[in-house]
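The sequence and structure come before the description.

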Amino acid sequence: MDQFVMESDPPAKRETIPDLRRTFPLKVNGEPRVVTVEPRVTLADVLRDHLGLTGTHIGCAHGVCGACTVLMNGQAVRSCLMFAVQARGAEITTVEGLVKDEALHPLQEAFRAHHALQCGFCTPGFLMTLIDFLGSNPDPTEEEIRQGLTGSLCRCTGYQNIIRATLAAAKVMRSETMEVAHD
Amino acid sequence: MKVAPFSYHDPENLPKGLELLAGLEHARLLAGGQSLVPYLAFRMQRCDHLIDLNGVSALSGIHEQDGRLVIGAMTRQREIASSPLVSQHCPIAQDALHLIGHIATRTRGTLGGSLSNMDPSAELFGVSALHDATFHVQSVRGGRDIAVADWAETFMKPAIAADEMLTSVSWLPWPKGHGHAFLEFSKRHHDYAIVAAGALMTVDADRRINRAAIMVIGCGIAPTRLIGAEALVLGQRGSSELFAEAAHEVATLAAFPDLFAHQGYPRRFVSADYRRQLGLVLARRAMESAYAQSISIQKRH
């Protein structure tokens with residue numbers, strides 16, 4: 001992040017603080033929700049503090065670490081770099097939405113089997129990034145996975161196992177897609 | 001830190017957006033937000049009004065018009081990275097896009113946001129310089145075109161008025177089969193580049209260069225087209241010696257602006273000499289790579 005200071009006019013002083021809150025709908029993990037928040041509140045904070053979905057983690061809060069990554073309309077976004085009001089009407093998927101019928105997603109299973117999480121703080125961001133990545137590249141090379149994961153930081157430095165897990169999960173997910181296609 | 005309070009405006013069309021921009025004091029436009037939201041969160045920048053352009057669908061899209069490739073200011077980096085039209089006419093944009101941020105930031109990040117933010121390391125500004133871009137800005141007073149060379153006013157500030165908004169960018173396409181290369185050096189993969197270089201090239205049947213565009217970024221507040229290098233390589237067959245001589249132009253550039261010394265700007269610690277050396281090497285490699293590519297493409301035809 002660039003820590004430079006811009007020259008700009010100071011904001012006008014306010015006599016009173018107006019009520020800036022907005023009420024809007026969004027769909028989270030398939031469920032319609034309605035929230036009332038100030039427009040300055042990020043999507044990450046709404047998910048955690050207003051909707052109780054604490055699976056989405058906030059590491060750096062300025063778009064560097066990738067822990068807060070969620071899917072918006074199927075595409076990975078940094079939920080700390082968006083205001084929640086910008087997600088009005090959108091479909092959001094968080095790590096909680098990966099579990100179907102109490103069964104872990106194949107990617108989660110692979111992370112567990114390959115010891116791809118240590119402290120686990122970064123894991124939700126890795127998982128959501130990889131869901132998007134594997135959606136557009138179902139059979140990636142190791143190098144492509146490394147490129148795809150440059151936006152996610154693991155402070156335990158467990159990258160080797162994350163890559164192994166991703167390769168394994170991609171294989172499982174491909175065979176599942178084929179089964180669906182054959183049905 | 002959390003963002004300071006602001007009033008949120010979400011115009012559903014461009015005229016409404018321009019009206020808001022002209023009428024509100026201390027207003028900022030929100031494009032992809034991948035730089036602005038952190039600035040606001042760190043309170044390095046503040047605004048009383050935020051005008052969110054994400055609902056203005058007319059600002060997005062890629063099309064051909066009058067022999068140019070026109071890209072709406074709110075077109076996502078992710079869309080540009082996978083666009084067949086961009087791949088056909090301005091493939092170097094896609095070389096560069098793979099070096100910009102990450103999957104999740106490209107989903108939101110826009111072309112116009114990057115160009116208006118005008119970070120000296122912005123790859124898409126460099127691509128715009130190579131493709132002789134024209135920037136179209138609009139306000140309630142009307143619209144006008146600005147050539148890429150006239151876009152920068154000062155450090156991280158385009159030469160537009162407070163009520164003006166970048167609405168689209170047009171790039172001059174290069175012919176099918178041209179060589180293109182975009183190289184950069186950064187401390188971490190996909191981080192801000194310290195210096196980057198790009199080259200476009202075509203050759204004739206005799207392998208002589210008949211068209212070249214070469215630029216470096218990170219050596220000034222805006223991309224620098226290496227006009228001398230472009231002239232030097234014309235009519236020549238490419239060689240390491242030729243490209244090394246051409247790249248020498250980077251070393252002769254005037255002392256890099258002290259603008260990099262802005263308070264808190266992290267890359268300010270990179271000295272001018274270091275930038276020159278990097279620019280020289282990267283420009284040479286970009287030329288070599290673009291030349292090799294244009295030769296190999298020609299062989300196949």
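In this predicted model, the centres of domain 2 of chain B and domain 3 of chain B, taken over C-alpha atoms, are separated by 20 Å. Their contact draws on 19 residues of domain 2 of chain B and 21 residues of domain 3 of chain B. On the domain 2 side of chain B, the elements that give two or more residues are helix H5 (91-97), helix H8 (123-130) and strand S8 (152-154). H8(B) gives the most to that side, with 6 residues. By class, the side of domain 2 of chain B that touches domain 3 of chain B has 12 nonpolar, 5 polar and 2 charged residues. The domain assignment of chain B sets the bounds at 7-55 for domain 1, 58-171 for domain 2 and 179-300 for domain 3.

Chain A is divided into domain 1 (22-97) and domain 2 (106-178). Between the centres of these two domains of chain A, taken over C-alpha atoms, there are 21 Å. Domain 1 of chain A puts 14 residues into the contact, and domain 2 of chain A puts in 12 residues. Strand S3 (69-72) and strand S4 (75-78) of chain A are the elements that give two or more residues to the domain 1 side, and S3(A) gives the most, with 3 residues. That side of domain 1 of chain A has 7 nonpolar, 7 polar and no charged residues.

| Chain A, 5 strands | S2-S1-S5-S3-S4 | mixed | 40 degrees |

S3(A) is joined by 2 bridges to strand S5 (residues 91-93) of chain A, and the two run antiparallel. Within S5(A), Thr93(A) is the bridge partner of Leu71(A). Helix H3 (residues 123-136) of chain A lies across S3 and S4 of chain A, at about 35 degrees to S3(A).

S4(B) pairs with strand S5 (residues 68-72) of chain B in the antiparallel sense, over 4 bridges. Leu69(B) in S5(B) is the bridge partner of Glu64(B).

The remaining item is a helix pair. Two packed helices are described by the angle between their axes and the distance between the axes. For helix H10 (residues 240-247) and helix H12 (residues 272-300) of chain B, the axes come within 8 Å and cross at roughly 140 degrees. H10(B) is therefore oblique to H12(B). The crossing of H10(B) past H12(B) is right-handed. H10(B) makes the contact through Ser240(B), Phe243(B), Ala244(B), Ala246(B) and Ala247(B), and H12(B) through Leu280(B), Ala283(B), Arg284(B), Met287(B) and Glu288(B). By class, the residues of the contact of H10(B) with H12(B) are 7 nonpolar, 1 polar and 2 charged.

Methods
Residues numbered from 1 in each chain as written. Chains lettered and ligands numbered in written order. Predicted model: local features only at pLDDT ≥ 70, side-chain atom pairs only at ≥ 80, totals over all residues. Axes fitted to C-alpha atoms, helices over the stretch in contact; angles between N-to-C directions. Parallel < 35°, antiparallel > 145°, perpendicular 65-115°, else oblique. Left-handed = near helix turned anticlockwise from the far one by under 90°. Contact = placed C-beta atoms within 7 Å. Nonpolar A, V, L, I, M, F, W, Y, C, P; charged D, E, K, R; others polar. Domains from an automatic or database assignment. Pairing = 2+ DSSP bridges.
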